[in-house]
Amino acid sequence: MDGLMDDRAVARRVLEHIDRGTTDLGAEVWREPVDNYRSPERLAGEIERVMRRFPTPFCPSASLPEAGSYVAREAAGTPIVAVRGEDGEVRAFRNACRHRGMQVATGTGCSRTLVCRYHGWVYRLDGRLSHLPGEDGFPGFDKEAHGLVPVGAVERGGVVWVTQDPGPAGVAPADDVPALLPGGWTIFSVVEREMEANWKLVMEGFIEGYHIRATHKDTFYPYGFDNLNVIETFGRNSRVTYPFRRIRKLADVPDTERRVDGLLTYVYQLFPNAMVAALSRHAKLVVLEPVGVARTRMVTWTLGDPAVAEEVKRDAAFVDQTGGAEDREVVQAIQRALGSGANDVFTFGKFESAVAHFHRTLGEALAAA
């Protein structure tokens, strides 16, 4: 399937699966070489030819609520700063002063200028160099030619997407992304953690429900279903629906009156290395940054409606401390076993078609770039 159903169509599909004891199935079994999780050369290609050359989620738009708001972090191994300008537009730059390369911003904040704390060079929000102390010591220096180096930046679906290097012809700047993170939501937390696992192993755990009962027997499974998902693709991305057991009550509601608020979680896999887990009044944006072939930095923003702040905090803590912790334990255990020689390939069944779509599109992007 290519394209997303509306909520009522998703509800119909889920109720049909409940009645029949079925789930969405892909067209094929996918076999992924284990070497693709262990090869430094493969990882270098994923970073240099995909994560730097395709539009990649960088942060929520809500991280940049006003002029001067900025987010600085490493993306695909490159220091990047995204900032909202006086004109309301989001721009992104390589986070390096044009004098001696010091980063001009760290973390998050709000400022009318970006200032290098090494020698005090000052840049406007549009990246132009506006001041350097002792300018007379740089005779003939062209300030206009020494602004911060820009990278591509667009906002789509409540997410800021960054493209660091020129990509293959025909790559659209995330134009097929739907509305994901509503305006007016508040960022409640930003958490960074590192895991001893290849980034693709971490990704896989988010986009299939075949493991729910085995891995989350006492946490997620009592509230949801095992191996009952609606799986859709849109461009290089996908959406996996995880229904809650209480969605059964919609069976007695006329189709035109059905609402799925509070009855399911949508998990959007945003190519190449991010997910949005969306409920009705809050969501998480998760970006996976490879640190090494067996190490991943996971950056997680929790956002939600400020009117239900306590609900957001409670649900976010439950997910992180229970099922999220179980997933992190599993993927790190898989990483430790990769070198055992037990598997030359991993076999993903028709239940795991979103994982197959992820690997297929990643391989196609590597070839295209």
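D305 forms a salt bridge with R281, and their closest N and O atoms lie 3.6 Å apart. A salt bridge here is a side-chain nitrogen of Lys or Arg within 4 Å of a carboxyl oxygen of Asp or Glu. D305 sits in the loop between β18 (295–304) and α6 (309–321), and R281 in the loop between β16 (274–278) and β17 (282–292), so the pair ties together parts that are 24 residues apart in sequence. Helices (H or I, at least four residues) and strands (E, at least two) are DSSP runs, numbered from the N terminus.

This is a predicted model: local features need pLDDT of at least 70, side-chain atom pairs count only at pLDDT 80 or more, and totals for chains, interfaces and linings use all residues. Residues are numbered from 1 along each chain as its sequence is written, and side-chain values use heavy atoms, with hydrogens and water left out.

Exposure comes next. Buried means under 20% relative accessible area, exposed over 50%, and partly exposed in between (1.4 Å probe, protein chains only). D305 is partly exposed, at 22%. R281 is partly exposed too, at 35%. Elsewhere, salt bridges with shared partners join E192, E194, E196, R295 and R297 into one network.

By the salt-bridge rule, the count comes to 27. Two further pairs are worth a look.

E155 pairs with R84. E155 lies in strand β10 (residues 150–156) and R84 in strand β4 (residues 78–84), so this bridge ties together parts that are 71 residues apart in sequence. E155 is partly exposed, with a relative accessible area of 31%, whereas R84 is buried, at 11%.

R213 pairs with D226. R213 belongs to helix α5 (residues 212–215) and D226 to the loop between α5 and β13 (230–234), so the linked parts are 13 residues apart in sequence. R213 is partly exposed, at 45% relative accessible area. D226 also counts as partly exposed, at 22%.

| Salt bridge | Closest N and O atoms |
|---|---|
| E155 and R84 | 3.0 Å |
| R213 and D226 | 3.8 Å |
| D305 and R281 | 3.6 Å |

Now helix α8. Residues 353–368 make up this helix of 16 residues. From first C-alpha to last, α8 reaches 22 Å, close to the 22 Å expected at 1.5 Å a residue. The expected span is 1.5 Å times one less than the number of residues. Buried residues of α8 include S353, A354, V355, A356, H357, F358 and H359. T361, L362, A365 and L366 are also buried.
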